Amino acid sequence: MVLDDLFSEKRTSERKLNREMVRSLDTQLASPIDRLAANIADLVVFLPMLALVMAPFTRQAKEAVILGTDEAWLAAVVSAVFAGFILLILFQTFFVAVYGGTPGKLVFRMRVVSVWSLGRPRPIEAFIRALVWSGELAVLGAPFLGVFSNLKRRPFHDRASDTAVIALNRKRQTGLSTLPEMSVASGFQSAVLAVAAVIIVVNLVEYRKHHGSLQSAILSREESGRLCPAVRDALNDNGVSGKRTASLNDRLNVAITLFAAGELNTNCLNEESELAFWRHRETPLSYLAKGLAIADREPKRASNYFSKSCETEAGDKKEPGPVCAAAILAHPTLATLGVEDELDFDDEDSSIQEKLLSSKIEANLDHALGAVKAASPSYLKVLAIRQLLSRDTQPSSMFRILGLVDAFDDARPPGNFISQARIQALFHLGREMEATAVLQSSSDYADAQGRIELTRWLCTAETEMGKCSEHARSACGAFIEKLEASRAMFDSQLKKSEVAVAYIRGSLCAESKNFDELKEKIPVADGKKLVEALSNMNGKKEEVARELLMAIVEENRDVGDAYFIEANLRLLDLVRSSAHLSEILSSWQELEPTDPGFKTLGRRLLVQMNKLKIWHEAIPVGLKLAKLDAGDRIVLENLAIAANGAGQRKFASGIIESVQKLQMQKNLRTVKNLKNLESLGELEISNLGGSGVFARKPATSDPITLESKDK
Amino acid sequence: MIFPILKGLVSPTLAPMTFLLFALNLMVFVITLDDYDRADHAMDNMISDSSFLEVQGSLFSVMIDREQKIFTPMLQALAKKALDSEADSKESKKLLGSLAIRNIEFMNRADTYEFGGDQIAIESWRRKFTDFKDLQDQHPSYLWGISRIKKDWIQFVTYQFAHSGVLHLFWNMVFLLVFGAFVETTLGGSFVILTYLGSGLLGAYIFSFMSGISSAPLVGASAAVSGLIALVGFGWLRREKLKFFFWLLPMEGYFGFVNLPSWLIIIVSLIPDVTGYLGASREFGSVAYSAHIGGAVWGAGIAALFALGVLKKDHEEAKNSNEKDQTPKDQSSNKSSHDSSKKSDDSQRRAS
């Protein structure tokens, strides 16, 4: 290295540099812009060659990205960069050593010369120049600014290799750098070097960070919900572990159980089923999970999944297997009438109602319930409990529920559901004290949310018939206490319609009624409106109250939530004519039998219709309710009243017979009774064909008054 | 930036063959434009259905898993990931679903293949898949182009004139006009036709030979144009430099026209095809580059035959045939005229 640069004294003494000759270079130097243009021109030739050399590695890198193999990607990138550097060094060395300049320099009539001979550099000099030039790229080419910052326009690679770049064309030759030029360029050079250093450091840190947190990133994705953290938590809580295959089955088992208990959403269940499908190919459980996940939005497809779950399950023909039984219990209609041409799910005409009433479904349901044992899988027991709770409130069903919930540990998932089922069963058996005791004990382990949910249910159930009994006051008092105790959740809980309605009912059961204070506490407009309506009802301003309640009904018609039900229930209290009743009837008809509030509103509606002697229209309402719960005495008795009033004496006597049998058998519901009732109902409905909505028919007799049950 | 200008755009009267090919390409493009739009739109709609793609990907992964030998290691790895990985299996399935459309094995056998798994989803997918194949049958790329699904002798020719989009057509036609006109005005129209069609045919043959696993169709004049580019790139290695336009910096003296050796064309225009072939996975359509390479090989072959004297310029051929037709008494005068023509040819070359 020479020319007053690195180690110049030592090297010049060794090789006897002709300083005069070197000084002649000072006027022949190539201009920096020409050198830049030459470098750009070099890219035209170099880049296609670079891409060619790197091509196999870039393919490997792309494939590694697709496959997500970090090591392979890193290896491919490092290999590609290495190959690129080798090519760059060879390219520069070859052209400089053989032609005295790269293609760009040749085009612009520039030459790289050795300062020792002012001729073409030796291969070793060309190699060193190429090596250093390539290395300078790693620091964003900052040393290239040496064409300005160095007095003799020699960047580091020129000084390191004892070369200089000259222009052959006299017009394009330039002289030494000026002082301002050198100063500005030095500043820039330092800045670029600093930026390069920062980029290198940041990249190194990022690389380390990324690779250090890879596992936690995967974990956070699991916890984000796609892989159902609730399932994993439940598995941990239940202490389930085992091999990979076993754990996937356990996951499905737990996922369906949680879903049935209302503790897992459809998306999570869908993901679980997808995971299971492509791991295990076909399993009955995965079909069941998929069917459950899509049943609400795609009933046709869901019914196919349910059928498939039964087909693929190895079970004897006498009794359905647990998966098949679970499918029937979860969606009796979809699982029974699964074939598309047998049931048109979009059609809401009476043919569907007839099919819903068909004994085939009921028989299947009984068959499925018969298959549920204490030792059955958890999901089957939860689905059976859910089904039993939705069917009727007969002691036999409630005892059955108690038997099934005993097989669970209340403290483990789905503990809230189990406790709630236990409380409901005890409550319906008239064992309110025990129900309250369970409620208290479950408070010990249930979370705040669970406690509120349990007490809310009991408060709602106790005030269902619009009365404030002692039990109702006690249950609702506990609910209000729990809700108000958790200040953090108070507002958010009250935004839920069912919680707000229970809170309003409970508050109004309390001895001191303060409507204004209550209205203030409810954070939702519908809730405030409901309180205002109740306040007006209390003040005997019925018309104002009716208008407010009708507004709530209209606003929530599409939702069918607790406000919708409560407003309709309160409207029933204000019914003074059949015209008022028709609006409530149409609201009720919009509800699905599975909707919460369907049964409550239906029963109150049926009683009210009988009071107003609207017999013909009361019969379909009664039949619909009887189908849902064939052991509900209030429904059966009022149905008999309506039938009798409509002149269908044979039908009425058949119902009364059923009621008597129910009483005789200690309310043990039988399929035979149900079938008798259905056949009678169908017969009489056909006789009633042609009667319009609320086309009053003359009553042939006075209604049989069986109102004592209501009181 | 550097772009070959050669002789630039010449008048259609000087390069009738080139302009005839240009007109044919344009005509086919206009004829197929509507069909392309319609078919692309319908197919895009199906492909954008993520559940369709996901199920298809799942089924493809099942097929790959069962019959590993006939699929590439890349597909095998992807299938393994789709089947085993919990975190990214959805994305892998979608990707495999897209790749399945390009895969000949899957496209030929999937509709009757017995897959395990979710039979409900499979049945729904199978209906859509049949629709998709029907759409493919009506797609201009499959009607005019070459694919493993549809391959007939006529498509070896028609594919050279069909283009899938405006940009595809534009760049092919720019290169056709520049290189075709240059070849036609220097060597003759027969060289243009011989190179265009020959390159197209060889490109198509190599494509169909290399495209073992792919069912993706090949359309466009790229292979034919690659032949013309290669003919100039290789044919002018020992001849005069060629005219290029360059733009390096926005300053006077750093952009303009420059005469450069023809090997630059090989580096700038032909090496990227080899790079593309080596750099892209076969599953992602690297085979299309093989058609370009095939076309370039044909063009280089024509250049070699010309250099060896096997092929002669059109007007030399015409002269030779005239000589044969003429009587012996005219031979002396013909000889002198031949010499003068050779001299003028040489002087032309020196001048250029």
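Leaving aside its neighbours within four places in sequence, which residues is A:His331 in contact with? Keep that in mind as you start clicking around, and remember that this is a predicted model.

**Stop 1: a histidine in a loop**

Select A:His331 in chain A. You'll find A:His331 in the loop between helix H16 (322-330) and helix H17 (332-336). Now show its partners: once you set aside neighbours within four places in sequence, A:His331 is in contact with A:Leu292, A:Ala295 and A:Phe306. A:His331 and A:Gln387 are 56 residues apart along the chain, and their C-alpha atoms are separated by 9.3 Å.

**Stop 2: H21 and H22 of chain A**

Next, select residues 395-405 of chain A for helix H21, plus residues 415-428 for helix H22. Their axes come within 9 Å and cross at roughly 150°. Angles over 145 degrees count as roughly antiparallel, so that is the label for H21(A) against H22(A). The crossing of these two, H21(A) and H22(A), is left-handed.

From H21(A) come A:Met398, A:Ile401, A:Leu402 and A:Val405, and they meet A:Ile418, A:Ala421, A:Arg422, A:Gln424, A:Ala425, A:Leu426 and A:His428 in H22(A). Colour the residues of this contact between H21(A) and H22(A) by class and you get 8 nonpolar, 2 polar and 1 charged.

**Stop 3: H26 and H27 of chain A**

Stay in chain A and select helix H26 (residues 487-494) and helix H27 (residues 497-509). How do they pack? The angle is about 105°, and the axes are 7 Å apart. That makes H26(A) roughly perpendicular to H27(A). On the H26(A) side, look for A:Phe490, A:Gln493 and A:Leu494; on the H27(A) side, look for A:Val499, A:Ala500 and A:Tyr503. The residues of the contact of H26(A) with H27(A) come out as 5 nonpolar, 1 polar and no charged.

**Stop 4: the second largest pocket**

H4(A) gives the most, with 10 residues. By class, the lining of the second largest pocket has 24 nonpolar, 4 polar and 1 charged residues.

**Stop 5: over to chain B**

Finally, jump to chain B and select helix H10 (residues 189-210) and helix H11 (residues 222-235). The axes of H10(B) and H11(B) come within 7 Å and cross at roughly 125°. That makes H10(B) oblique to H11(B), and H10(B) passes H11(B) in a right-handed crossing.

For the contact itself, select B:Val192, B:Thr195, B:Tyr196, B:Ser199, B:Gly200 and B:Gly203 in H10(B), then B:Ala223, B:Ala224, B:Gly227, B:Leu228 and B:Leu231 in H11(B). The residues of the contact of H10(B) with H11(B) split into 6 nonpolar, 5 polar and no charged.

Methods: Residues numbered from 1 in each chain as written. Chains lettered and ligands numbered in written order. Predicted model: local features only at pLDDT ≥ 70, side-chain atom pairs only at ≥ 80, totals over all residues. Heavy atoms only, no water. Axes fitted to C-alpha atoms, helices over the stretch in contact; angles between N-to-C directions. Helix = DSSP H or I, 4+ residues; strand = E, 2+ residues; numbered from the N terminus. Parallel < 35°, antiparallel > 145°, perpendicular 65-115°, else oblique. Left-handed = near helix turned anticlockwise from the far one by under 90°. Contact = heavy atoms within 4.5 Å. Nonpolar A, V, L, I, M, F, W, Y, C, P; charged D, E, K, R; others polar.
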